[in-house]
Every structure is written in C-alpha cells, then in structure tokens.
Amino acid sequence: MIRFFDVLFSLIAIIILLPFMLPIMIGLKLTGEHDIFYMQKRVGKGGKEFDLMKFATMLRNSPNMAGGLYTAENDPRILPMGKFLRKTKINELPQLINILKGDMSVIGYRPQVRKQYESYPDEVRKAMAKSRPGLSGIGPIVFRSEEQILQQFKTHEERDEFYKKVITPYKGQLEVWYSKHRNILMYFRLIFMTVQVVLDPENKAWKSLRGIPKVPKELEAYL
C-alpha cells in the first residue's frame, strides 16, 4: 500500500514541479561547476547502496575538503545557488526520481553514506534495513534545523564530537521508534508534519507522537 502511494505521489509531484525545476536546472548549468545534479552513494533497504540524487549545491570535491560532511554558515564550498537551494530544501527534489525508481519512499529514515550508517548500533541498522529510506521522515522532521545546530560549534572537531555523541544516538532512537510504528496512518501523519515544518520550521507537532523517544538534555535547547 505504501509503495502505491510512493509511486502516485512522486509522479504527481514531478509533473507539477517540473516547470519550476527547469529554471533551476538551467541556472545550475550556467553557474558554479556547471553540474545540475549531485550523485552520492547512500545506504538503502537491506543495507544496499544506491545513487541518491540532489541538485548540485556544493563543489564536486567538497566531502574531501575542509569541513568534510558538515556544512558551516557561509561555507566557501557552497555554489552560487547552493545556499538558497539548501535552506529551502529544494535541492532534495530530484529524490522524487529515487522514489519513483524504488530506491526510496516518501517517508522513511534519511539515507546515510556508508561511514555514517556504520556508526549506528546493530539494533538501529537492522531497523533501518527493513524499509526504504525516505525523502522525509521522523528524523528529518525533528532535525529540520540540523545544519543550524551544528553551526553553533566553532570548530570541525566540536561539530564532529557533538554529532557522534548526541545527534547520531538520538537519530538512531527515532528510527527504531519509527520502524516499530510504521504503517499507512503514520505514513500520512508524517507527510502532514513535513508540510507543517516546511511552512513553519519552529513547529513542534512531532512532540505529540505517542511514545517518541525523549529529547536528550544536550539537545533540548535546539529542539
């Protein structure tokens, strides 16, 4: 049932958004490094890798440059159109193609690069492996402002430490919770919550979800 709605919603969204995405694609082709899409290997259902698609917002070699996988405010690696595309999450729209192909779902855990995926405990990886990663989900809803949270730390070492010891463990708890509550009702509920946080980033409706893991003290000020 969920797969049916994934195909239906992704097809409708692609048709509706294509006239909007075409100018973005032309703009990317004429600026920066002239790349339209950024492809990156991510871990999906069953622990298998797939090519995740995004609009190009950073230099091609950015993961191997200073800053690594984390993006700072006014990061010099961000392309001319990148800041706007990242802030509005428009850079994620090409993943509608991943959904149509069956790599992803509209709702699920955010797909990770292999290194980040392996940093989760076995329990979390097993829970994630049961279903497809999502364009949105409980993790992206709760951590809508993740980049802003990490920008509070002055050094890459501090960001890396906070991400590994605080953010990653809580994300893992959220994904295990979702795997236990995954059904068609939760699917539509999280789609609605995604719309809420896009329109109002300060929206905390997710806190009303029954049994959701408690926010760690270190994250209370941010979430």
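Colleague: What makes F9 partly exposed?

Modeller: This is a predicted model, and F9 has a relative accessible area of 28% in it. Buried needs a value under 20% and exposed one over 50%, so F9, at 28%, falls in between and is called partly exposed.

Colleague: And F5, why is that one called buried?

Modeller: The relative accessibility of F5 is 18%. The cut-off for buried is under 20%, so F5 counts as buried.

Colleague: What makes the pair of F5 and F9 tilted?

Modeller: A pair of aromatic rings is described by the distance of the centres and the angle of the planes. The ring centres of F5 and F9 are 5.6 Å apart, and the rule asks for centres within 6.5 Å, so they pair. Their planes stand at 35°; stacked needs under 30 degrees and edge-to-face over 60, so the pair is tilted. By this rule there are nine aromatic pairs.

Colleague: Why is the pair of F5 and F188 called edge-to-face?

Modeller: Here the centres lie 5.1 Å apart, with 80° between the planes.

Colleague: What does the pair of F5 and F188 tie together?

Modeller: F5 is in helix α1 and F188 in helix α9 (residues 184-199), so the pair ties together parts that are 183 residues apart in sequence. F188 has a relative accessible area of 34% and is partly exposed. F5 and F188 also belong to one aromatic cluster with F4, F9 and Y187.

Colleague: Let's turn to charges. How do you know that R114 and E49 form a salt bridge?

Modeller: Side chains of opposite charge can pair when their charged atoms come close. For R114 and E49, the N to O distance is 3.5 Å. The limit is 4 Å, so this pair counts as a salt bridge. R114 lies in helix α4 (residues 114-118) and E49 in strand β2 (residues 49-55), so the contact ties together parts that are 65 residues apart in sequence. R114, at 30% relative accessibility, counts as partly exposed, and so does E49, at 42%.

Colleague: How many salt bridges does the structure hold?

Modeller: There are 12 salt bridges. Another one joins K171 to E146, where the closest N and O atoms are 2.5 Å apart. K171 is in helix α8 (residues 156-181) and E146 in helix α7 (residues 146-150), 25 residues apart. Both K171 and E146 are buried.

Colleague: What makes you say that K171 lies over the face of F143?

Modeller: K171 is 5.6 Å from the ring centre of F143. The distance limit is 6 Å, along with an angle within 35 degrees of the ring normal, and K171 is listed as lying over the face of that ring.

Colleague: How far apart in helix α8 are D160 and K164?

Modeller: They are four residues apart, which means a separation of about one helical turn. D160 and K164 form a salt bridge as well, with the closest N and O atoms 3.2 Å apart. Elsewhere, salt bridges that share partners join E49, R114, E118, D122 and R125 into one network.

How values were computed
Residues are numbered from 1 along each chain as its sequence is written. This is a predicted model: local features need pLDDT of at least 70, side-chain atom pairs count only at pLDDT 80 or more; totals for chains, interfaces and linings use all residues. Side-chain values use heavy atoms; hydrogens and water are left out. Rings of Phe, Tyr and Trp (its six-membered ring) pair if their centres lie within 6.5 Å; planes under 30 degrees apart count as stacked, over 60 as edge-to-face and the rest as tilted. Buried means under 20% relative accessible area, exposed over 50%, partly exposed in between (1.4 Å probe, protein chains only). Helices (H or I, at least four residues) and strands (E, at least two) are DSSP runs, numbered from the N terminus. A salt bridge is a side-chain nitrogen of Lys or Arg within 4 Å of a carboxyl oxygen of Asp or Glu.
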